[in-house]
Amino acid sequence: MAYTIAVAGKGGVGKTTLCGLMVQYLCDKRKTPVLAVDADANSNLNEVLGVDVDMTLGDVREEVARAENSVNNPIPASMSKADYTEIMFNRCLVEEDDYDLLVMGRTQGKGCYCFVNGLLQTQLAKLTPNYKYLVVDNEAGMEHISRGILPKVDTMILVSDCSRRGIQAVGRIAKLVKECNLNPKKTGLIINRAPEGKLNDGIKEEIEIQGLTLIGVVPQDTDVYEYDCEGKPTTQLPKDSPVRKALYEILDGLEIC
């Protein structure tokens with residue numbers, strides 16, 4: 001079973017950027033193959049990695065859920081709904097040299113999605129044994145993990161910016177992790193976009209109040225902003241980039257490889 005790293009935090013703290021660099025870190029360490037899963041409703045991990053996505057699992061869920069009541073049912077009469085769904089799920093997998101990307105996407109329609117969510121869980125269970133590492137970019141609610149769709153979590157990385165609200169948000173996520181009995185082997189907090197890579201006393205105090213374990217600080221870097229403005233994948237940051245160097249040192253310390 002793949003070693004699973006889940007990344008979570010409130011929106012806008014840069015967790016997707018760090019998640020993409022984690023995938024790059026594993027590739028640089030030759031810990032491949034890696035399956036990257038974008039489970040954030042605001043899906044943009046593919047942009048950080050520099051790959052195109054034509055179809056998401058959410059798109060498939062929507063199509064299958066509507067199929068039975070549709071005049072133009074896309075599922076052939078000779079094919080079961082489960083078989084059709086599995087074929088379409090396979091088409092959602094974006095294959096690269098060292099890693100593959102799966103974008104879950106979000107569900108827009110109404111009604112019960114228990115059947116297709118069950119198939120999604122089965123599909124991921126089939127996929128994960130084929131990879132050494134699974135890296136999951138979650139939204140704050142961690143819906144896909146809390147529903148048990150992902151098999152397990154080995155390392156939970158919480159990401160926040162230098163704000164009390166950000167720290168409080170990951171504090172709530174940490175509590176959710178315990179409530180869901182995920183029992184990760186390691187859980188740690190990364191503070192992202194820290195001015196000059198330093199934390200003030202107020203943030204240190206809030207981290208202590210929330211009972212979080214700080215595993216590292218990533219400095220503010222204008223290159224990340226420039227790459228985003230130019231539409232360049234963040235994974236192309238130079239090896240001496242402050243962000244990349246800081247994150248790689250944190251991951252080395254976690255000994256996930």
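**View 1. Strand β5 and its two faces.** Tyr 133, Val 135 and Asp 137 point one way from β5, Leu 134, Val 136 and Asn 138 point the other way, and all are buried. Buried means under 20% relative accessible area, with exposed over 50% and partly exposed in between (1.4 Å probe, protein chains only). In a regular strand the side chains alternate between the two faces of the sheet. With 6 of the 6 residues of strand β5 (residues 133-138) buried, the strand is largely enclosed by the rest of the structure. Strands (E, at least two residues) and helices (H or I, at least four) are DSSP runs, numbered from the N terminus.

This is a predicted model: local features need pLDDT of at least 70, side-chain atom pairs count only at pLDDT 80 or more, and totals for chains, interfaces and linings use all residues. Residues are numbered from 1 along each chain as its sequence is written, and side-chain values use heavy atoms, leaving out hydrogens and water.

**View 2. Partners of β5.** Strand β1 (residues 3-8) runs parallel to β5, joined by 5 bridges. Here Ala 6 stands opposite Val 136. Strand β2 (residues 34-39) also pairs with β5 in the parallel sense, over 6 bridges. Leu 134 of β5 is the bridge partner of Leu 35. Two strands pair if DSSP finds at least two bridges between them.

View 3. The 8 strands are ordered β3-β4-β2-β5-β1-β6-β7-β8, with mixed pairing. β3 (94-95) and β8 (214-219) are the edge strands, each pairing on one side only. β3 meets strand β4 (residues 99-103) in the antiparallel sense over 2 bridges. Glu 95 stands opposite Asp 100 of β4.

**View 4. Helices α7 and α8.** The axes of α7 and helix α8 (residues 201-209) come within 10 Å and cross at roughly 15°. Axes are lines fitted to C-alpha atoms, for helices over the stretch in contact, and angles run from 0 to 180 degrees between N-to-C directions.
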